[in-house]
Amino acid sequence: MLEAVKAQFSDRLDTDDREPVYGPFSIPGLEGSFALYQPKGELWKQLVLVQLLQTGFQVLFALAIYTFIVKPRQLQQEEQSKKDDDKSKATTTSSSTIPLLIGYGIVMPLALYIPFAMMEYLMVVNASVRLAFGTLPAVVCFRTIEAMHGTSPVAVEHSLSNYVTYYTCLSHFEWSAETKERRKTTARELLINIGRVIYFFTGCSLWMSFMMHFRFQPMASTSVQLDGFQLSWDLLSVAHLVNVYCLAVLVYLTLAMGMELTAFGEQIKGYSVKPIFDNPLFESRSIREFWGKRWDLMIHRILKHGAFLPARQVFSAYGSTMSNLLGTVAAFFASGLLHEYSWAIIFYDLGDDPTRAYSPLPLKLTLFFLYNCGTMMIEHHFGRHITFFESWPSIIVSTLVVLTALPLSHWYSGDWVVGGYFDDLSLGLWHIKKIDG
């Protein structure tokens with residue numbers, strides 16, 4: 001059985017051996033001839049298999065967490081509501097350490113280890129397939145924290161079946177507070193989401209072709225190293241800002257395509273999932289709106305329930321203002337650590353091909369997210385005094401919002417360029433490539 005599964009990953013997907021399906025043809029304004037290459041279905045097959053394999057582990061984790069963390073906590077809360085004497089409080093404090101030991105000492109370390117063991121056994125090389133292995137630790141670790149602190153979304157802890165269902169998908173289902181069940185999707189919603197999947201897949205294919213043609217730097221190269229950590233005035237140069245803005249668009253299309261496909265997998269089963277992206281690059285009116293209401297809402301919700309709310313709970317003694325502040329910092333810090341771990345998966349060295357070895361600089365992503373946390377807090381305290389742009393078109397305001405992150409955004413996107421993630425992902429996309437001249 002295991003060998004049969006391993007055989008499905010025999011194609012390493014580390015070289016582009018596709019033959020053109022159309023061409024040669026010319027593109028106005030560009031020299032040379034071009035050809036069109038179709039997506040490689042093997043990449044998508046492996047991505048689906050990775051998700052299915054992880055789902056099995058996620059169900060097992062959900063059963064254990066519900067049994068040993070959620071139910072004991074619920075029973076404690078019921079007892080606490082009936083007893084308020086000091087002895088009862090002391091008992092609750094003492095026994096509450098057991099779920100913490102189970103969660104932080106057993107569940108989370110195991111969830112962080114499993115993806116590496118799976119990659120080594122299956123010998124997965126393609127970076128875009130590897131990123132999919134980050135689903136299991138993201139789901140299990142943050143939802144374990146939710147279970148320990150009682151910050152899970154409404155209805156998911158209502159029953160064991162609800163809780164297991166909650167762990168089967170990175171997307172967040174829409175739960176009914178009254179029926180405690182998932183809301184069914186409508187035919188109209190399904191058609192809209194089919195359109196979104198096609199839109200992001202096509203857009204990602206076209207923009208990837210454009211960026212790869214210019215080696216991911218449409219404007220003249222600057223002294224800024226995409227995978228570097230340096231700070232210089234070149235970070236504010238027009239060439240750098242244009243290049244990283246183009247990369248930000250590519251990151252947006254890549255993430256939106258992948259996450260919309262993940263959500264679509266649940267929608268075709270008949271269940272509604274919450275929105276993931278809400279046009280963050282072109283309609284955000286503030287930094288806070290960008291990060292809190294428009295950009296990657298799937299991860300936003302994971303961080304809200306698994307980092308922000310637990311941290312706010314821990315620091316509640318300091319008052320609502322301070323606890324909210326510390327909760328926000330905790331969420332951005334947790335986001336940095338989540339991305340550091342994801343990068344460790346993507347660029348994990350199996351030791352079989354030195355030409356693919358790449359080691360991203362540590363803590364770069366964490367500092368990037370903490371920097372954006374800082375800009376959001378500055379805006380929160382001083383933004384109300386700056387009102388002259390309120391009547392400006394959203395596209396202009398949104399561009400200015402994105403501009404606050406652009407100088408350092410290569411700390412995020414640069415590793416995907418230099419480490420070969422985008423090259424590996426392009427195998428699964430329609431690709432227009434120059435073939436001569």
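I65 touches V70, V107, V140, T144, A147, Y163 and Y167, leaving out residues up to four places away in sequence. Contact here means heavy atoms within 4.5 Å. The model is a predicted one, in which local features need pLDDT of at least 70, side-chain atom pairs count only at pLDDT 80 or more, and totals for chains, interfaces and linings use all residues. Residues are numbered from 1 along each chain as its sequence is written, and side-chain values use heavy atoms, with hydrogens and water left out.

I65 also belongs to the largest nonpolar core, which has 112 residues. A nonpolar core is a set of buried Ala, Val, Leu, Ile, Met, Phe, Trp, Tyr and Cys residues joined through side-chain atoms within 4.5 Å. Buried means under 20% relative accessible area, exposed means over 50%, and partly exposed lies in between (1.4 Å probe, protein chains only). The residues with the most contacts inside this core are I65, Y163, W295, Y412, W416 and F422. Helix 9 (residues 238–267) gives the core its largest share, 15 residues. Helices (H or I, at least four residues) and strands (E, at least two) are DSSP runs, numbered from the N terminus.

Helix 2 covers residues 41–82. The expected span of a helix is 1.5 Å times one less than its number of residues. The 42 residues of helix 2 should therefore span 62 Å, and its end C-alpha atoms are 58 Å apart, which agrees. Helix 2 also has a kink of about 40°, centred on Y66. The bend at a residue is the angle between axes fitted to the seven residues ending there and the seven starting there.

Aromatic rings were examined next. A pair of aromatic rings is described by the distance of the centres and the angle of the planes. Rings of Phe, Tyr and Trp (its six-membered ring) pair if their centres lie within 6.5 Å; planes under 30 degrees apart count as stacked, over 60 as edge-to-face and the rest as tilted. A search of the whole structure finds 34 aromatic pairs. In one of them, the ring centres of F229 and W411 are 4.8 Å apart and the planes stand at 80°, so this pair is edge-to-face. The pair links distant parts of the chain, 182 residues apart. F229 is in the loop between helix 8 (187–213) and helix 9, while W411 is in helix 16 (residues 410–418). F229 counts as partly exposed because its relative accessibility is 32%. W411, at 6%, counts as buried.

W343 and Y412 form another edge-to-face pair, with 5.1 Å from centre to centre and 70° between the planes. W343 lies in helix 13 (residues 320–346) and Y412 in helix 16, so the pair ties together parts that are 69 residues apart in sequence. W343 has a relative accessibility of 3% and so counts as buried. Y412 is buried too, with a relative accessible area of 9%.

R182 is placed over two rings. A charge sits over a ring if NZ of Lys or CZ of Arg is within 6 Å of the ring centre and within 35 degrees of the ring normal. R182 lies over the face of F173, at 4.8 Å from the ring centre. The charged end of R182 also sits over the ring of Y271, 3.5 Å from its centre.

Some backbone features stand out. The peptide bond from G23 to P24 is cis, with omega near 5°. P24 is in strand 1 (residues 22–25). A155 is not a glycine, yet has a positive phi of about 80°. A155 is found in the loop between helix 6 (135–149) and helix 7 (160–167). Its relative accessible area is 8%, so A155 is buried. F216, also not a glycine, has a positive phi of about 65°. F216 is in the loop between helix 8 and helix 9, and is buried at 7%.

N243 lies in helix 9 and counts as buried, at 4% relative accessibility. Apart from residues up to four places away in sequence, N243 touches M211, Q217, P218, M219 and A220. H300 is in helix 12 (residues 297–314) and is partly exposed, at 28%. Beyond its neighbours within four places in sequence, H300 is in contact with W291 and G292.
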